[in-house]
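Thank you all for making the time this morning.

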Amino acid sequence: MFLFDNLLCMLLGISFTVWFTLLLVFIIVPAVFGVSFGIRRLYMNTLLKIFEWATLRMERGAKEKNQQLYKPYSNGEKSKELASLEQEMQEMRRSGSGSALGGAEFEMSDIFHFCRRGVESIVDDEVTKRFTAEELESWNLLTRSNYNFNHISTRLTVLWGLGVLIRYGILLPLRVTLAFTGVGLLVFLTSLIGLLPNGGMKSFLSEKAHLMCYRICVRALTAIITYHDSENKPKNGGICVANHTSPIDVIILSSDGCYAMVGQVHGGLMGVIQRAMVKACPHIWFERSEVKDRHLVAKRLSDHVADKTKLPILIFPEGTCINNTSVMMFKKGSFEIGCTVYPVAIKYDPRFGDAFWNSSKFGMVNYLLHMMSSWAIVCSVWYLPPMSREEGEDAVQFANRVKAAIARKGGLADLLWDGGLKRDKVKEVFKEEQQKLYSKVLVGGNRTREPTAA
Amino acid sequence: MGSTSSTLSKIPNADELIQETGFTSAHLARLFERFEALDKDKKGYLSPQDFEAIKELALNPICDRIIGAFFSSGQEMLDFSSFVRILAHFRPIDNNRTKEPNSPDPINSRINKLKFAFQLYDQDKDGKISRNELLQVLRAMLEKQVTEEQLESIADRTIQEADLDRDDAISFEEFRKSLEKVNIDHKMSIRFLR
């Protein structure tokens with residue numbers, strides 16, 4: 001009996017030691033120094049091959065059973081299929097329905113166009129689509145991202161089961177350990193550094209500490225990040241704006257550079273972290289009541305950027321999490337301050353794990369659990385060249401210009417819609433645009449272009 | 001999200017719906033998720049306000065009429081089966097479906113699509129599109145962009161062309177005849193449901 005117990009204890013002891021040594025050598029030490037062994041990229045490529053195989057099996061299996069696989073249409077397809085009103089009208093005329101009294105005329109069937117558009121938007125509209133997770137074309141062995149997972153073949157189910165074991169049994173505990181280490185170190189180190197007098201040494205150490213802890217957190221999520229155009233990295237006295245997909249965006253950007261964060265003061269664990277961080281370098285935390293006062297907010301931000309020794313501010317102007325297929329309207333507040341804006345585009349690769357936080361569906365803890373039990377988070381970050389407000393441009397136009405640049409770089413759809421449309425009503429002016437367009441085709445007969453809102 | 005079978009089990013009489021509408025189980029599951037997404041207060045049914053909350057629908061000039069088509073019997077609650085039955089009108093026509101004798105037309109047949117469009121015009125449901133009803137639709141689609149005279153002349157000309165029995169209104173038969181050459185399948189089907 002005892003012998004067995006002893007053996008067990010010894011085995012456990014050894015495995016723990018091995019575990020921690022591996023952890024230290026392969027993950028924490030590189031994180032501290034900012035180097036990488038390339039293990040994660042290898043992992044990523046292997047996974048891709050497995051996913052392709054899995055999708056092929058599924059398609060083959062579905063064909064055998066004569067089922068129809070539900071294929072989600074991609075962005076590009078829909079815009080090609082949606083003929084513009086003008087094209088449809090021309091087609092109708094050419095097919096010869098009704099009299100040919102020269103020039104476009106009203107036909108009873110014109111109503112079909114609006115009717116169809118209306119029903120299409122009932123079935124799936126551009127805006128709501130942005131607030132639910134993106135649908136994938138190939139399956140990444142996570143049931144949560146797939147509609148077609150019925151029992152197609154034993155091999156596939158076995159693979160999926162293996163995947164579950166690996167993700168929840170090995171990867172999850174590893175990541176949770178790392179996460180705790182990272183956050184713990186952050187709080188500890190920043191509090192320590194906060195004891196130093198203000199000066200060059202303090203900022204230097206604070207920078208190093210922040211970077212190190214964020215890098216550990218990045219590994220805690222197995223995030224594989226590619227940074228492009230690092231020569232455009234934000235500098236002091238500027239504002240960095242980026243598109244928002246999830247709270248992880250902060251970690252991703254902060255592991256490559258130091259920023260001053262902006263946010264509301266929270267209670268609990270978040271509050272502890274916030275208070276610790278602010279000791280080491282100046283972040284901007286607002287009380288709940290102060291958030292409503294726009295002038296106060298603007299003043300604090302302006303003061304911060306005016307001080308050239310302070311770090312660039314990181315802001316997400318969309319105001320809410322979008323599912324990373326598009327960029328929604330930017331709130332103009334941050335663009336009114338009148339300093340250099342450094343746009344950053346973040347694009348997640350959805351094949352490995354969906355980073356989008358659907359705050360109406362999942363809470364924060366649930367979300368983090370999902371993140372940590374996905375295969376990996378793969379994303380690309382592009383630093384765009386700095387932009388400033390031009391003569392005669394108001395804040396809204398400037399915001400739209402920056403938004404267009406980010407959307408273009410990241411390959412996201414540039415939408416006119418407001419992220420706040422999660423809740424509010426549509427403006428009358430958009431309806432008028434539709435009517436104007438139809439009347440032009442009927443009565444005017446000039447070449448027109450559909451507004452991008454449609 | 002989740003597998004199709006778990007979503008399907010939440011739908012009452014799913015098999016019946018599949019049989020009746022011709023949607024596949026995958027489509028049905030997706031429509032159910034859409035139904036739940038639109039039903040923000042989780043009432044279990046949809047109200048006209050839920051439809052009005054769809055931004056792209058709100059900017060459609062005939063948005064009220066389309067919503068009216070869903071709530072046609074005057075009720076204020078739309079359950080999932082009715083939702084799906086109406087959407088079934090927009091399924092592309094299945095050309096290779098064998099027609100059994102004495103079986104009712106499928107929901108997405110050409111005739112039924114035309115009937116759906118007809119009711120968008122005929123708001124008082126008297127079986128005819130009067131000149132006034134036609135004017136109302138034109139006004140909705142064109143609003144401030146044309147003058148009242150232009151609207152009236154368009155309405156007059158349309159009735160003149162389609163009204164064969166000279167009763168100054170367009171019956172369903174006249175409507176159908178005037179659209180004989182139009183490719184209804186193409187215009188009244190939503191391609192991405194396939």
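I will begin with how the model is to be read, and then take the two chains in turn.

This is a predicted model, in which local features need pLDDT of at least 70 and side-chain atom pairs count only at pLDDT 80 or more, while totals for chains, interfaces and linings use all residues. Residues are numbered from 1 along each chain as its sequence is written, chains are lettered from A and ligands numbered from 1 in the order in which they are written, and side-chain values use heavy atoms, with hydrogens and water left out.

Chain A contains 15 helices and 9 strands, where helices are DSSP runs of H or I with at least four residues and strands are runs of E with at least two, numbered from the N terminus. Of its 454 residues, 48% count as buried, meaning under 20% relative accessible area with a 1.4 Å probe and protein chains only. Among contacts in chain A between residues at least 6 apart in sequence, 77% join residues at least 24 apart, contact being heavy atoms within 4.5 Å.

Let me turn to one helix pair in this chain. The axes of α1(A), residues 2-33, and α7(A), residues 154-194, come within 12 Å and cross at roughly 65 degrees; these axes are lines fitted to C-alpha atoms over the stretch in contact, with angles running from 0 to 180 degrees between N-to-C directions. The two helices are therefore roughly perpendicular to each other, a term that covers 65 to 115 degrees. On the α1(A) side the contact is made by A:Trp19, A:Phe20, A:Leu23, A:Ile27 and A:Ile28, and on the α7(A) side by A:Ile170, A:Leu174, A:Thr177, A:Leu178 and A:Thr181.

Chain B, for its part, comes to 12 helices and 2 strands, and 51% of its 194 residues count as buried. Where in this chain does B:Ser47 lie? B:Ser47 is in the loop between α3 (25-38) and α4 (48-52), and this serine is buried, with a relative accessible area of 9%. Leaving aside residues up to four places away in sequence, B:Ser47 touches B:Phe71 and B:Glu76.

Conventions
Parallel < 35°, antiparallel > 145°, perpendicular 65-115°, else oblique. Buried < 20%, exposed > 50% of the residue type's maximum accessible area, 1.4 Å probe, protein only.
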